[in-house]
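Student: Could you walk me through how to read a two-chain model, feature by feature?
Tutor: Gladly; let us look at it together.

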Amino acid sequence: MLIRLTGGAVYDPASGIDGAKQDIYIQDGRIVDKPVGDFKVDKEYDLKGKVVMSGAIDMHTHIGGGKGNIARTLLPEDHRADPVARTDITRSGCGHAMPSTFVTGYRYAEMGYTAGFEPAVLPINARQAHMEMADIPILDKGGYVLMGSDDYLLRMLTAKKDQKAINDYVAFTMQSAKAIGVKVVNPGGISAFKFNQRKLDLDEQNSHYGVTPREILRVLATAVKELGITHPLHVHGCNLGVPGNMNTTLDTIQGIGGLPMHLTHIQFHSYGTEGDFKFSSGAAAIAEAVNKNKNITIDVGQILFGQTVTASGDNMRQHANHKHASPNKWVTMDIECDAGCGVVPFKYKDKNFVNALQWAIGLETFLLVDDPWRIFLTTDHPNGAPFTSYPHLIRLLMDRSFRNDVLATIHPEAQKMTTLASIEREYSLQEIAIMTRAGAARLIGLQDRGALSAGNWADITVYTDNADRQKMFEKPDYVFKDGELVVVDGKVVHTKWGTTHVVKPNFDASVEKDLQKYFDRFMTMKLGNFTISDDEITEDGRGSLTVHPLKGSVA
Amino acid sequence: MAEITEVPSPFCGIGTDDLTIQVDGVSLKVVKNGCAVNTPAFEQAITDTRPRVDGKDVSLDEAVAKAAALLKNTNQPVIGGCATDVNGMRALLALADRSGAVVDNMNFTGARNNFLALQDSGWMNTTLAEVKNRCDLLLVVGADLESFSPRFFERYLWNEASMFLADTGKREVIYLGKAPSGTASTSPSGQKALVFECANDDLPDVVAVLRALVKGNPIRVDSVGGIAVADLQGIADKLLAASYSVVTWAAGALAYSQAELTVQTISEMVKDINNRNTRSSGLPLGGKEGDQTANQVCGWTTGYPARTRFSSGFPEYDPYLNDTNTLLANGEADALVWVQAFNSKAVPPATNLPTIVVGRSGMTFDQEPDVFIPVGTPGIDHAGHAYRMDNVVAIRLKKLRDSGLPSTSDVLNAIEQACR
């Protein structure tokens with residue numbers, strides 16, 4: 001079947017197209033060139049006055065894995081306020097802060113998103129992450145495997161194993177967990193918490209291993225680079241949420257020595273200690289460092305006001321943050337000599353000085369970083385706010401007067417502590433398309449996604465241009481996934497299953513020998529039972545794996 | 001005859017995956033690393049292979065059609081048992097969503113003690129590898145750990161090597177409430193567990209006093225539940241002196257009214273210890289016959305644990321009202337579907353309602369259900385996934401033999417299709 005999308009204004013940064021009117025042809029799930037000679041269009045959509053982008057990609061969203069399910073279980077009252085009934089074509093579930101898997105897929109698709117990436121896949125919990133993501137309809141998905149507090153790596157560092165050995169272990173772990181990237185959370189700090197350390201600075205040693213976060217970041221960033229993984233090491237740094245942590249973040253940027261590194265939810269790591277409340281914005285300094293260091297990419301982790309729940313691998317910082325739990329219930333876990341997690345419900349309030357300034361810091365960061373290819377639109381769902389708030393966030397970025405109206409309502413002391421009112425920048429549609437599509441696909445290393453040129457998969461979102469950008473982005477006219485129409489007027493009309501994106505870096509098989517000994521002695525399962533097989537993703541007939549090339553390899 | 005090694009077990013809850021099993025046609029023999037729980041569960045013979053309708057052998061298609069016909073005109077069927085693997089639960093929830101059923105895991109009344117505590121105040125918990133490598137003091141509250149899982153001590157406490165303990169034999173074990181039924185908790189060098197027994201009903205008081213002592217609050221009595229306060233002070237001192245204590249309990253063993261408050265007191269005590277400059281973690285026991293699996297899959301599919309109804313068209317959780325037994329007793333259900341792929345002895349509750357049983361081969365009934373469809377056991381007859389007690393690790397279950405029995409998900413998916 002040949003589909004033609006006719007006459008829309010196309011925003012396709014990957015092809016350098018910035019709002020030109022242009023037709024798009026779809027056949028067999030992919031975008032194709034206009035056929036030559038006589039041809040018959042089977043289905044045409046008249047897109048005059050519409051805006052066309054590729055499907056949006058959320059490069060950091062907690063949509064799969066144990067901590068998310070703990071968050072769900074913890075908050076029945078939040079679900080009760082947002083029940084989702086079944087229809088003839090969709091399953092029932094619940095929404096708001098941590099939606100059920102099916103509802104996650106529907107609501108993302110209904111906002112024009114066609115892919116989401118879980119940023120904290122614990123190797124030992126990777127099965128669960130993939131099983132949950134397998135129950136998210138429509139979206140493509142993938143995960144970054146969490147390393148850096150796993151005892152095996154820390155033992156390697158203490159034993160001064162060489163970089164090659166570490167590369168092999170990282171590659172093995174990525175393959176075992178079916179990952180497309182590597183994440184580190186509070187490097188070495190999750191382990192340190194198990195030894196009763198309650199904070200860990202960049203150059204502070206894990207009390208048992210004598211290893212510092214700086215060393216862990218270096219070896220992992222090097223491994224990612226040397227293995228040819230496109231997605232740079234994905235870093236949730238030290239001292240999350242601690243006033244003054246902007247210095248840690250600046251140090252982290254300097255300390256990586258030019259290696260590619262992605263600093264995630266940087267808003268939570270951009271705090272100074274100035275002012276009467278000893279809490280201030282570090283956004284300007286952080287943005288300056290990001291602008292200067294081209295090896296650095298960031299996503300923001302914007303907070304938006306209201307109830308949500310924070311779910312993180314950072315058991316150390318989440319334990320410290322439990323004092324802010326609202327409602328007052330929270331969970332931490334130490335997990336399998338592998339990682340940990342902490343789940344703390346939060347209610348961000350515009351009349352609370354700290355929350356109000358956090359909101360402003362996130363927006364300052366968005367507006368002060370020059371290059372939209374190196375900054376990504378996230379709320380660190382659900383930690384800063386549920387993903388359903390993205391259209392509101394886009395309006396804040398694109399509409400200065402709206403932004404200033406909201407700014408005028410927040411805690412007055414916070415207003416005094418932010419430069420936001422003086423920042424004139426408004427994001428363009430093309431810049432939004434870069435942050436949420438082309439840039440994300442490039443950052444993750446997704447082949448044939450995030451662009452509208454021939455050969456790409458037909459993941460396409462069509463909006464009606466509207467000066468109210470929130471209205472525009474919360475209700476696309478059409479969403480196509482792999483060429484199939486899945487959403488009309490912001491409602492799911494058809495469902496399908498997306499693929500799981502992975503990379504398969506090579507490793508020397510000898511790494512499994514040492515691992516086997518380690519598993520037999522210290523772990524609770526056999527190495528053979530730990531590794532996730534391809535079958536586990538594909539055997540139910542819905543899932544599939546899409547393997548992306550490594551850098552330097554021939555596609 | 002084939003021999004399969006590194007076989008994981010869905011039966012014991014602690015995720016043993018070192019069994020060696022001999023397969024001869026469809027008969028299995030555990031030849032290595034069996035235990036009182038796992039060996040009989042694996043070795044149980046297949047008896048029924050044919051579905052039955054009204055007691056007569058029929059084809060699978062006929063049984064599925066009859067099941068769908070029975071469900072079609074119901075207003076509020078109950079799907080009980082819910083003892084199967086991840087794919088089985090996925091299919092079960094799809095059927096429940098379509099038929100407006102109540103989903104209720106058979107162990108939920110026990111597990112409720114944990115869920116109510118979790119949903120009210122939360123906890124700090126750990127997993128088995130942390131126990132194996134870090135735990136220097138294990139406090140067992142109100143449970144007989146070795147009858148729950150016979151190999152717990154061998155695998156996770158008296159393991160030879162540990163990353164962070166010089167000598168695992170020096171770990172301390174304390175029982176509070178129940179005494180151990182055997183000697184598994186005695187260390188290899190002969191060090192016996194400390195045991196402080198009390199009646200189950202006294203556990204709330206005993207645990208409350210222990211928490212108060214951990215916090216350094218004064219206690220004005222000399223004994224509680226027959227245990228000297230001085231002994232409880234001894235336990236509190238050990239908890240505060242340990243580097244990484246672990247407190248374990250079995251929610252189902254706390255079989256008294258409002259036992260969730262005991263779980264909450266234990267969990268809050270663990271938090272208190274973590275505020276006294278050392279580490280401690282909780283470790284709820286469970287994970288048998290798919291109970292964690294049911295709650296996990298129901299959790300991501302609906303947002304709620306596995307005592308949830310779909311009769312309004314969307315999931316509604318109620319840990320009391322959605323109890324199978326309550327619904328049957330009050331005449332609020334109009335059909336019963338019983339799903340139990342692990343344990344042929346776990347039969348459905350007695351009822352006069354139309355009953356469909358999707359059960360492990362070998363189930364026998366006082367009253368023949370309208371439809372009985374024998375299914376394969378996950379981890380024996382087909383591959384699958386099941387959660388361990390620590391709720392983080394999903395084990396990959398293996399297919400050991402070709403029995404021809406359908407899986408739970410095959411059957412429930414077929415019924416769901418037929419209900420359309």
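This is a predicted model: local features need pLDDT of at least 70, side-chain atom pairs count only at pLDDT 80 or more; totals for chains, interfaces and linings use all residues.

Tutor: Residues are numbered from 1 along each chain as its sequence is written, and chains are lettered from A and ligands numbered from 1 in the order in which they are written.

Student: How many helices and strands are there in chain A?
Tutor: Helices (H or I, at least four residues) and strands (E, at least two) are DSSP runs, numbered from the N terminus. Chain A has 20 helices and 26 strands.

Student: What radius of gyration does chain A have, and what would a compact globule have?
Tutor: The radius is taken over C-alpha atoms, and the globule rule is 2.2 Å times the number of residues to the power 0.38. For 555 residues the rule gives a value near 24 Å, and chain A, at 23 Å, agrees with a compact globule. The C-alpha trace of chain A spans about 70 × 60 × 45 Å along its principal axes.

Student: And how many of its residues are buried?
Tutor: A residue is buried if 20 or more other C-beta atoms lie within 10 Å of its own, exposed if 12 or fewer, and partly exposed in between, with C-beta atoms placed from the backbone. In chain A, 61% of the 555 residues are buried. For contacts, the C-beta atoms of two residues, again placed from the backbone, must lie within 7 Å. Of the contacts in chain A between residues at least 6 apart in sequence, 75% join residues at least 24 apart.

Student: At what angle do H6(A) and H8(A) pack?
Tutor: Axes are lines fitted to C-alpha atoms, for helices over the stretch in contact, and angles run from 0 to 180 degrees between N-to-C directions. Helix H6 (residues 163-177) and helix H8 (residues 213-227) of chain A meet at about 75°, their axes 9 Å apart. Angles under 35 degrees count as roughly parallel, over 145 as roughly antiparallel, 65 to 115 as roughly perpendicular and the rest as oblique. H6(A) is therefore roughly perpendicular to H8(A). Residues making the contact include A:Ile166 and A:Val170 of H6(A) and A:Leu220 and A:Ala223 of H8(A).

Student: Which classes do the residues of that contact belong to?
Tutor: Ala, Val, Leu, Ile, Met, Phe, Trp, Tyr, Cys and Pro count as nonpolar, Asp, Glu, Lys and Arg as charged, and the others, Gly among them, as polar. The contact of H6(A) with H8(A) has seven nonpolar, three polar and one charged residues.

Student: Now strands. Which strands pair with E21(A)?
Tutor: Strands of a sheet pair through backbone hydrogen bonds, either parallel or antiparallel. Here two strands pair if DSSP finds at least two bridges between them. Strand E5 (residues 50-54) of chain A runs antiparallel to E21(A), with five bridges, and A:Met53 is opposite A:Thr461. Strand E22 (residues 478-481) of chain A is also antiparallel to E21(A), over three bridges; there A:Ile460 faces A:Phe480 and A:Val462 has A:Tyr478 as its bridge partner.

Student: Is E21(A) largely enclosed or left open, and why?
Tutor: Four of the five residues of strand E21 (residues 460-464) are buried, so the strand is largely enclosed by the rest of the structure.

Student: What about the two faces of E22(A): which residues lie on each?
Tutor: In a regular strand the side chains alternate between the two faces of the sheet. In E22(A), A:Tyr478 and A:Phe480 are on one side and A:Val479 and A:Lys481 on the other, and all are buried. E22(A) also pairs with strand E23 (residues 484-488) of chain A, antiparallel over four bridges. Two residues lie between the strands of this hairpin, where A:Asp482 takes a positive phi near 50°.

Student: Which strands are at the edges of the nine-stranded sheet in chain B?
Tutor: That open sheet runs E5-E4-E20-E19-E18-E6-E7-E16-E17, with mixed pairing. Strands E5 (56-57) and E17 (316-317) of chain B each have a single partner strand, so one side of each lacks a neighbour in the sheet.

Student: Finally, how many residues of each chain are in contact?
Tutor: 49 residues of chain B touch 47 residues of chain A. H5(B) gives the most to chain B's side, with six residues, and that side divides into 20 nonpolar, 18 polar and 11 charged.
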